[in-house]
Amino acid sequence: MVLTNHWLWTTARNKVRSVTSRIQSVIAIPGEYRAFRGLRNDPGDRIVKDTETWNEHVAVVATYPRISLAESTSRLLASLQDLGATVILVANDSPDRDFCNGRWMDHADVVIHRANLGRDFGCYQRAMSHLQKNAPVGSLQRVSYFNDSVVYLPSSSTLIENWLENASGTRALATTNATQPRAQTFAFSLDGTTAFSPSLRRFWSHLLLSNNRTTVIRRCEKKLSRILRSLSKPPLGYFSFERLDEAVQGDWGKLTAGEARGLRWALDFQPRIASSASIPAADRESDSAEVRRRIAHEVPNWLGPNRAFGLVASRLLGFPVKVDIIASGAATRRDVSDYLDTSGIEIEEQNKLLDLMDAHHIG
């Protein structure tokens, strides 16, 4: 009965939030449309660095430049360059942009500055416009997209290389929802035919930008995934329960207390995981290896892996750490601090990252 009541309360809460968000997004449309029209003649939208040489693989990196994430983004850019990609860096306006430019300029082939509108999808849209006007799109074999909502670790370069080295079709570093896979758009990759298909050209050209996180997920990420599912096979995620289960050798009792906290968060955030995993009410509070494994098996069917698996996937696979992992309650500052101590990141960067995660607001 406790589980049922918790599920009903959580469902009702999420429904109210969804309806409220939808109403707010409709009210905001006139203002968003005016702001979007203003971008067309915005003097702040400029190409800072350009190239005439295009490799078969183009990687787009969307950023809201922050000093605390300067080294993380540098690691990502360097990894993409090592893969032989032509790198387009699109930086939204921010107080730290000039500082970050000094760190990033040598690691990008194209650098575009723009107004801070539309979050990562505003950057993706701007990059696609530049590609279609300036690149030989018929010869591009792959376009990959990344944003800075995650922290790329020293070990993440190997993960990215393994993921993209022999990529084909529509790929995402992670997906959610087994029946209708949705690409997690902090890192996804499309073959050239899909990237420049009529459907996606229309998507990018007609996309109405918003700075509201929930609206961006609904209007951009979910719609993009629907289009991708209609064009070809569903987006294929590189990250999977099976990959992580193999990394822990099937023994989820090996997780640290901080890593296990992510699984507990997932169960509280999405109570239906318990019934889906066939966990009896009496065992719901258990922290046994078997219960942990059952929860972990179901997480990808309901949630993205970035919070529930955040620290263990980072430690074992080099998976980037979500910037909101502390704000969401999926980890504590101490959990992340203990992990960063062993990650190979210098202490000065560690402190900046922890301060950013502590102050981060979801929205």
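Here is a friendly set of questions and answers about this predicted model.

User: How many cavities of 30 Å³ or more does a search of the whole structure find, and what is the volume of the largest cavity?

Analyst: Let's begin with the count: searching the whole structure turns up 2 cavities of 30 Å³ or more. The largest cavity has a volume of about 50 Å³.

User: Which helices each supply at least two residues of the lining of the largest cavity?

Analyst: The lining includes Ala260, Leu263 and Arg264, and also Val291, Arg292 and Ile295. By kind, the lining residues split into 4 nonpolar, 1 polar and 3 charged. The helices that each supply at least two of the lining residues are H10 (257-269) and H12 (289-302).

User: Which element gives the most to the lining of the second largest cavity?

Analyst: This second largest cavity holds about 30 Å³ of space. Among the residues lining it are Gly258, Glu259, Gly262, Arg307, Ala308, Gly310 and Leu311. Two or more lining residues come from each of H10, helix H13 (305-308) and helix H14 (310-317). The element that gives the most, with 3 residues, is H10.

User: What span does helix H4 reach from its first C-alpha to its last?

Analyst: Helix H4 covers residues 119-134, which is 16 residues. At 1.5 Å a residue, the expected span is 22 Å, and the model comes close to that. From first C-alpha to last, H4 reaches 23 Å.

User: Is strand S10 largely enclosed by the rest of the structure or exposed, and how many of its residues are buried?

Analyst: Look at both faces of the strand in turn. On one side Ala187, Ser189 and Asp191 are buried, and on the other Phe188 and Leu190 are buried too. Strand S10 (residues 187-191) is therefore largely enclosed by the rest of the structure, and the number of its residues that are buried is 5 of the 5.

User: Which residue in S10 stands opposite Ser144?

Analyst: Strand S5 (residues 142-147) runs antiparallel to S10, and 5 bridges join the two. S10 also pairs with strand S7 (residues 171-172), again in the antiparallel sense, over 2 bridges. Arg171 stands opposite Ser189 in S10. The residue of S10 opposite Ser144 is Ser189.

User: How many residues apart are Asp148 and Arg66, the pair that links distant parts of the chain?

Analyst: The side chains of Asp148 and Arg66 meet in a salt bridge, at 3.8 Å from N to O. Asp148 sits in the loop between S5 and strand S6 (150-151), while Arg66 is in the loop between strand S2 (57-63) and helix H2 (70-82). Asp148 is buried because its relative accessible area of 11% is under 20%, and Arg66, at 18%, also counts as buried.

User: Is Glu259 buried or exposed, and what is its relative accessible area?

Analyst: Glu259 forms a salt bridge with Arg315, with the closest N and O atoms 2.6 Å apart. The pair connects helix H10 to helix H14. Arg315 is partly exposed, with a relative accessible area of 40%. Glu259, in contrast, is buried, and its relative accessible area is 4%.

User: In which helix do Arg294 and Glu290 both lie?

Analyst: The side chains of these two residues meet in a salt bridge, 3.2 Å from N to O. Arg294 counts as partly exposed at 33% relative accessibility, and Glu290 is partly exposed at 45%. They are 4 residues apart, about one turn of the helix, and both lie in H12.

Terms used
Residues numbered from 1 in each chain as written. Predicted model: local features only at pLDDT ≥ 70, side-chain atom pairs only at ≥ 80, totals over all residues. Heavy atoms only, no water. 1 Å grid on protein atoms, 1.4 Å probe; cavity = no way out; pocket = protein on both sides within 12 Å on 5 of 7 lines; lining within 4 Å. Points joined across faces, edges and corners; volume = space filled by probe spheres on them. Nonpolar A, V, L, I, M, F, W, Y, C, P; charged D, E, K, R; others polar. Expected span 1.5 Å × (residues − 1). Buried < 20%, exposed > 50% of the residue type's maximum accessible area, 1.4 Å probe, protein only. Pairing = 2+ DSSP bridges. Salt bridge = Lys/Arg side-chain N within 4 Å of Asp/Glu carboxyl O.
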